[in-house]
Amino acid sequence: MKKSTYIYRRFERFWHWSQVLLIFFLALTGFEVHSSFKLFGFENAVNWHNIAAWAFLTLIVFAIFWHFVSGEWKQYIPTTKYMMAQINYYIFGIFKGAQHPTHKTIYNKFNPLQRFTYLGLKLLVIPVQVVTGFLYMYYMYPENPIHLGGIEITALIHTLGAFFLIAFVIFHMYLTTTGETVFTSIKAMLTGWEVVDVDEEEEHTEHLKSAVKHSIAGYYRLDKNGNFLDVNEAWLKMYKCTDREQIIGKHYSVARKKEDVKELDGIVAQVFEGKIIKAVPATRKCKDGSLGRHILSANPTYAGGDLTGMEGFIIDITDLDTESEHLHYAVKNSQAGYYRLNCKGYYQDVNDAWLSLYGFDRDEIIGKHYSLSRTKEDLHKLDEIIAKVTSGKSISNMIATRKCKDGSTGKHILSANPVYEKDLIVGMEGFILDLDSVKEEI
Amino acid sequence: MERVNNSKGKFARVLMLFAVILLPWLVAIFWVNKIGEEEKPVTVNIINYKADSLPPPVDHSKYEVLQQNFETPQQVTEACISCHNKTGHDIMHTSHWKWSRPYVNENGDTVELGKKNIINNFCIGTNSNEPRCTSCHIGYGWKNKDFNFKAELNIDCIICHDQTGTYKKFPTAAGYPVKEEKAFGGKKFLPPDYNRVAQNVGMPKRENCGACHYFGGGGNNVKHGDLEKILTKTTKEVDIHMGIDGEDMSCTACHASDRHDIQGQLYSVSSYNQNRTSCEQCHTETPHENTIINQHANRVACQTCHIPTYAKGAPTKMDWDWSTAGRHNEDGSITVEKDSNGVMTYHGKKGSFKWAKNVTPEYAWFNGNTDHYLIGDKVEDTTVAVQINTLLGSFDDLESKIIPMKVHRGKQIYDPVNKTLIIPHLFGKDSTAYWKHFDWNKASITGMEKAGLPYSGEFTFINTEMYWPINHMVTSREESLKCMDCHSRDGRLANLAGFYMPGRDYNNILDTIGVLLIILAFAGVILHGSLRYFSKK
């Protein structure tokens, strides 16, 4: 699936184009100092080369910081996977109109050749240029702690580095033309947006991963012994925990009053037998000893066919005024349904639980507007929610009425939070827990 | 915060990006163009210097002892030291009097090095030629090696302190002025009015110093190249310090003295890095606004950039070939040849000369110490020019700086058997003086005997080189050397070896590889691109 994706963030583009300017300027002034040509005048060339070098160094410091803070440094971890395919593509495939052997995604922007080349620049060529540049500038200070005995070696290495950089620029500029059209890649580096191939499975996994991470619904995972393996931020918040380390590895009994532990034991035992618990109300004991109410879902986790533990979501209901009613309804409710809308209100993703609640097939809902899933009277309510969420707010326990495929309606409790792509809100997502089916049972 | 999706917003973004990319270039180009034209007001930071504008503290004409009728110059000296009664003692420790300085040789022995044992490639050596040479000694009567250096009365005070400009030593009279009117080289020399001269003494003026230092080698600007009579009354163009339209500084403004020991020395005869006059004593070691230029001062002498040419007035002698001397015209007179400018290119007594004006200096590493060819030294290698004085230093020696210098090349008489340079007896009225009888063999016998050295009886001529650091005729900062004068492939320092200089040096192999790399990159890209283009069709 092709999709316009925000692939180069603002600082990244600023960094890239500043670097372009500086490298060109450093090459011009540098090779003038090398007496390769006359352009600015030797004195200006020297002074400007030094100033540009300082500017470059500043940029490098910011870029290093950015790479680590954003985690983008991982994009440069070298790999030989598809390396030969990539080389073959440039040598043969490209002339036959073959497809690129690797696909650009936000999570994997560079092909293996790029990874190697860029890493080489970052770890070898540019550091060497910076170090030799510094020696070049300061070797003759009288209070110089290192005595170089001349700059011949320094200057020659610096020159060699410059030749490498120029060769890189030539190849780099040429290879930007190998995108879909000649200017696709340059346009992407200017605007940040590029149409890239999206692997639906990968996308789905990434969505869920980030949904769990950012959701207002609490997520937990236990191992076979009932000890916590993982919880998300929302879970920690509900339990008034500040540090994840305080809970990981602890037995679930710490999260309950003594008299409630038995109830949870029962649920855990059921799940370990392979059962899925769709939603049960529970009373949690927070870190500070205070109590809170939530609805809980639980399902077993498997690895290679073996049951390895259980996981699930919790949605806070402490502040619901109609608490008791909903708690009642929620007993033995459905598994949590997951949905994701883009900021215009079109469904991008839903999970199976969601589909079974609404009665849709996946193809019938993905790409459709949310109005399809609401009665006319309720539509404005969801409009408001979307407006709130896309302005950055999260909603944790709204009760909503859904319109199913067959026209029937149902009630569910809903969480919603904004979806960020880089620094932009691009949609909203959340979980729903059914309240209706239980009512009928009773 | 919704993604800007409409084409107008997109266009604005791209436009802004291009503006961000182009703007620095435009600013840079503007700035660079502006920098060239910018004229900053000249402010020179000076330390330790104050122009002396006060009148002399005493009026010598009022002293009774100076109002007597002096018969001899020694009587004047006697009058001087009757008041300045320790000055004679001070004078006798100076190189102006001794014509030598102590030097510790490699054995640890202190020897006196000076004109009596160092030779040059002009008139070669003082031994046996004293009366001519010592016309520039601050004494009276040094006509042979028996001169009494302990006799205070032999000090010539007035050659340095005369303010009338009338007192002159006769060129061939061992430091004495004439007793009656005499001519030399077409100039009249009159007996001095000692009374008037003695009453008009003061700090040495340019003329006093110049009387000897302009005329070394027997004529104006012959030896130094950067010291000549134009400096007595000159403009800023010739010397930024001495120009009377500028700072109007005299010699003694920089060459300060301590009890008559005058600061400064020249390495044609000096050997040691001590008591030197320097630009830094007034200008500090970091006189420039630009740090990089100040850093240059670590390894480059001020003179290198600030004296781009020397011999700005009269030409200076660059080459002296003694081997052609001795020619006479048919009428028996000595042959003299001059070029169209009236500059002497040949003289039967001396040989052939080459002169030059507005000369670009040659450059060397120099740490302030000099090695000299001393009389009697064996010449080790006759295939290269004999080094009369060797300016010591190199890039690797951190005390060394690049200095400008005049190189005087000579071809002079040499004993191939003893492998020594010969000091010929040139001047005199006796039967062996070369300038009388033109017999090199006889002149060599006498000269070497007076010098106390063996002579084999065989002579030939050998190439020699002598190095004269250039320190005067400092130019304005606008006229000083620019980066490119040295930092270019064929700049002034093209021949100065032993170090890497940006703009001048490069590694041939590395540059070839680099250029090839770029060419291959372009070729590869063009090939790949055209293959893509045609394969798609």
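User: Why is B:Leu23 called exposed in this predicted model?

Analyst: B:Leu23 has a relative accessible area of 52%. Exposed means over 50%, so B:Leu23 gets that label. As for its place, B:Leu23 lies in helix H1 of chain B, residues 7-37.

User: What makes B:Leu23 part of a nonpolar patch on the surface?

Analyst: Patch residues need over 30% relative accessible area and no salt bridge, and nonpolar side chains are joined within 5 Å. At 52%, B:Leu23 passes the area cut-off. The patch is formed by B:Phe18, B:Leu22, B:Leu23, B:Leu26, B:Val27 and B:Trp31, and together they have about 630 Å² of accessible area.

User: Okay, on to B:His260. Why is B:His260 called partly exposed?

Analyst: Its relative accessible area is 32%. Buried is under 20% and exposed is over 50%, with partly exposed in between, so B:His260 falls into the middle class. You'll find B:His260 in the loop between strand S5 (257-258) and strand S6 (261-262) of chain B. Its phi is positive, about 70°, although B:His260 is not a glycine.

User: And B:Ala311, how do you know whether B:Ala311 is buried or exposed?

Analyst: Check the number: B:Ala311 has 0% relative accessibility. The cut-off for buried is under 20%, so B:Ala311 counts as buried.

User: Where is B:Ala311 in chain B, and what is its phi?

Analyst: B:Ala311 is in the loop between helix H12 (302-306) and strand S7 (316-321) of chain B. Phi is positive here, about 55°, although B:Ala311 is not a glycine.

Notes:
Residues are numbered from 1 along each chain as its sequence is written. Chains are lettered from A and ligands numbered from 1 in the order in which they are written. This is a predicted model: local features need pLDDT of at least 70, side-chain atom pairs count only at pLDDT 80 or more; totals for chains, interfaces and linings use all residues. Side-chain values use heavy atoms; hydrogens and water are left out. Patches are made of residues with over 30% relative accessible area and no salt bridge: like charges are joined within 9 Å, nonpolar side chains (Val, Leu, Ile, Met, Phe, Trp, Tyr) within 5 Å. Accessible areas come from the Shrake-Rupley method with a 1.4 Å probe; for residues, only the protein chains shown count as cover. A salt bridge is a side-chain nitrogen of Lys or Arg within 4 Å of a carboxyl oxygen of Asp or Glu. Helices (H or I, at least four residues) and strands (E, at least two) are DSSP runs, numbered from the N terminus. Buried means under 20% relative accessible area, exposed over 50%, partly exposed in between (1.4 Å probe, protein chains only).
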